[in-house]
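Subject: Structure for you to look at

Hello,

Here is the structure I promised to pass on. Please open it alongside this message; my notes follow below.

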Amino acid sequence: MSTLKERLDQIEQRIAVACECANRDAKSVTLLPVSKTFDATVIREAVGLGLNRFGENRLQEIAQKAPELSDCDVQWVVIGSVQTNKAKEVAKYATELQSLDRIELALALHKRLLDNGRTLDVLVQVKTSPEESKSGLAPELLEGFLRELVELPTLRVKGLMTMAILSEDTQAVRACFVKLRVLRDQMQAHGIEGVSLDRLSMGMSGDFEIAIEEGSTEIRVGSALFGSR
Ligand SMILES: *Cc1c(COP(=O)(O)O)cnc(C)c1O
């Protein structure tokens, strides 16, 4: 069994190699460790290695782990689909939400954030894969959605997120990442005031090299770092 430190080193090595191949600076890609299903002890070990942002997909799980880690500087990044009635928990725990995909959720979050007197960094999740199981906003609705978000100043839009198709066909996987990048470029060309889309969160344990080649600024890595779930 390898240690967490060894796996982290391996991932950083993979990022460095992928960046080198893509002619990119390794510092232009951030690692978001995805700690879902792993308990607070594991997260504490990761904090000891210098990690402090953690991706989680269930609010209930964050609510369980957060008190155990209250002495650590841990930032929770929500990456899973959020029911509208969980907006209060997002406003309470999350420093960032990467899975914003509909106006109902945005409105509910805005209300809670106003109550709490805070803002939230958000990425809009876009559906780039044909799979039924994948969530996210339909690409053709993105521009209208971004224009609506401008009206909600507690939500600070930073970029886009996607999950690629789960497939052995690397061309199909790559097509998802290309779709997100092209969409982002189109939105930037349309110049929506108040919206910056610098960040592209794409790539997971099995496909992040391809995502980096296609412009990812942030990879969300769970199993390659923490082990299989
Ligand atoms: C679980 C999850 C990941 C990490 O997946 P791994 O394959 O374990 O790296 C990334 N993004 C989202 C949205 C997830 O739910």
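This is a predicted model: local features need pLDDT of at least 70, side-chain atom pairs count only at pLDDT 80 or more; totals for chains, interfaces and linings use all residues.

**Helix 1**

Helix 1 covers residues 4–21, which makes 18 residues.

**Positive phi**

Asn-23 follows helix 1. Its place is the loop between helix 1 and strand 1. Phi of Asn-23 is positive, near 60°, and the residue is not a glycine. Asn-23 has a relative accessible area of 74%; over 50% counts as exposed, so Asn-23 is exposed.

Thr-37 also deserves a look. Thr-37 sits in the loop between strand 1 and helix 2. Its phi is positive, about 75°, although Thr-37 is not a glycine. With a relative accessible area of 52%, Thr-37 is exposed.

For context, most residues other than glycine have a negative phi.

**The ligand**

Which residues surround the ligand? Val-34, Lys-36, Ile-79, Met-163, Met-204 and Ser-205 are among them. Arg-220, Val-221, Gly-222, Ser-223 and Arg-229 also belong to the set.

Polar distances to check:

- Lys-36: a polar side-chain atom lies 2.7 Å from an oxygen atom of the ligand.
- Ser-205: an N or O atom of the side chain is 2.5 Å from an oxygen atom of the ligand.
- Arg-220: a polar side-chain atom lies 2.8 Å from a nitrogen atom of the ligand.

On its own, the ligand has 380 Å² of accessible area, and the protein covers 91% of that.

**Asp-207**

Asp-207 lies in the loop between strand 7 (199–201) and helix 8. Is Asp-207 buried or exposed? Its relative accessibility is 12%; buried means under 20%, so Asp-207 counts as buried.

The side chain of Asp-207 reaches the backbone nitrogen of Met-204 at 2.6 Å. Met-204 is also one of the residues surrounding the ligand. Neighbours within four places in sequence aside, Asp-207 is in contact with Ala-164, Val-173 and Phe-177. Val-173 is 34 residues away along the chain from Asp-207, yet their C-alpha atoms are separated by 7.7 Å.

**Glu-131**

One last site. Glu-131 is in the loop between strand 5 (120–125) and helix 6 (142–149). The side chains of Glu-131 and Ser-129 are joined by a polar contact of 2.8 Å. Leaving out neighbours within four places in sequence, Glu-131 is in contact with Ala-164, Ile-165 and Leu-166. Ala-164 is in contact with Asp-207 too.

Best wishes

Technical notes: Residues are numbered from 1 along each chain as its sequence is written. Side-chain values use heavy atoms; hydrogens and water are left out. Helices (H or I, at least four residues) and strands (E, at least two) are DSSP runs, numbered from the N terminus. The expected span of a helix is 1.5 Å times one less than its number of residues. A residue is near a molecule or strand if one of its heavy atoms lies within 4 Å of it. A polar contact is a pair of N or O atoms within 3.5 Å; within protein, one must be able to donate a hydrogen and the other to accept it, and residues adjacent in sequence count only if both atoms are side-chain atoms. Accessible areas come from the Shrake-Rupley method with a 1.4 Å probe; for residues, only the protein chains shown count as cover. Contact means heavy atoms within 4.5 Å. Buried means under 20% relative accessible area, exposed over 50%, partly exposed in between (1.4 Å probe, protein chains only).
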